[in-house]
Amino acid sequence: MQLLIKDLNISDTINNQWIMDNCYIAGGACVSNATRQPIHDVDIYFKTKDARDLFIEQAGDDKYITKTSNEWQALLMYDSLLTGKVIEVGDDKCFDELKIKISSDKRKDNVIYLIEDYAGWIEIPEPLFQKQRWMFDNGYDYVLLERNHFEVNDKDFLGNKSITLKRNDMVYQFILRFYGDAQEMMDKTFDFQHCKIAYDLATREYITTQETWEALSKRELHYVNSFYPVSSLKRLYKYGGRGFSWNNDEFVKIIRDIHKVDTDNKFVMEDQLIGYYEDFDYNDVFCD
C-alpha cells in the first residue's frame, strides 16, 4: 500500500514521509487491495486535527475559513448589523483591518457581501453565507470562503469535505471532515461493514475487525450506520452492481435512517446527496 503514495509530495512539508507518519488509508482502496481488485482512487484520513489543519494550510490555497477567522467574524457582525437595520445595503464597515460591505447590486434578489483583503474584493453571495452558517452549526470547522466548491485546475479540486489531488495517474482524496483514530472514525462514520478497513502507512498494518473480514469474504452488504443515509442508498446499489449481495433488511434500515433526515432543508439535502466524498461540482445543481 505504501507504493500508492510513492512520490506523493504536496509541498516541502507535506511530503511522502509526512503522509506516512500522519495519515492512514481507509475505505475503498483497502477493500480493493484486500480483494485483489484494481485501485482507482485512494481515500486518505488524518490521524490528528493538527495534521488535518496543517494540510489545509499547505494545500488549501487560502480558500478556507474557520469559525474563528477574521473573515467569518466580520461576515457575522455585518449580517447582524444589517438584520438589526443599524446599517443599510451598500454601507462600508471595518472589522479588524478588513473592510466589508454589501454590494448595491442584486443577484436573484440576494445581496452580495464584499470583503476587501490584500488580494482585492472577495464576493460572498448571501445564499452562500447562509450555507456557511449552516455548515458551521452542523459539524464543519472549515468551509470554503468564496463558493460551494472551488476547482483549482484540472488536477486539483477543493471541497468542503475533501481536497482531491490527481497525481501519477491516481486520484487522492484527503478527507477533511472526519479524522482521528482509524477504528473509532470508521465505527462512527462508515456505513457498510465491509468498508470498515484501514491501513496504517506508518506501521504497515491493517486496522479492521473480524466482522469486516467476514463481510468481505462473503461479499455481503451489512448497513451499520451513516452520517449520510441518502448517499448510502446510492452506495447500496453501487456495491450491488459490483457483486455484493444484500437483502431487504439492509434496504429498510437505510430508509428508516433517511426518514430521520430533514430533507426539506435544502442545506441538509445537499449535504446528504454529496455524501462522504465530493467527486463532482454541485454548484449548478444547488444554485438557488
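Here are legends for a few close-up views of this predicted model.

Residue numbers start from 1 along each chain as its sequence is written. Local features need pLDDT of at least 70 and side-chain atom pairs 80 or more, totals for chains, interfaces and linings use all residues, and side-chain values use heavy atoms, with hydrogens and water left out.

**View A. The largest nonpolar core has 77 residues.** A core here is a set of buried Ala, Val, Leu, Ile, Met, Phe, Trp, Tyr and Cys residues joined through side-chain atoms within 4.5 Å; buried means under 20% relative accessible area and exposed over 50%, with partly exposed in between (1.4 Å probe, protein chains only). Ile19, Ile25, Ile44, Phe55 and Phe174 have the most contacts inside this core.

**View B. Strand β1 covers residues 23-26.** Strands (E, at least two residues) and helices (H or I, at least four) are DSSP runs numbered from the N terminus. Cys23 and Ile25 point one way and Tyr24 and Ala26 the other, yet all are buried. β1 runs antiparallel to β2 (residues 41-46), joined by three bridges, and strands count as paired if DSSP finds at least two bridges between them. Ile25 has Ile44 as its bridge partner in β2, while Tyr24 stands opposite Asp200 in β12.

**View C. Helix α9 takes in residues 248-259.** Its buried residues are Glu250, Ile254, Asp257 and Ile258. They sit on the same side of α9 because they cover an arc of only 105° around the axis, going by the directions from the helix axis to the C-beta atoms. The face turned away from that buried side carries the exposed Asn248, Asp249, Arg256 and His259.

Terms used: The expected span of a helix is 1.5 Å times one less than its number of residues.
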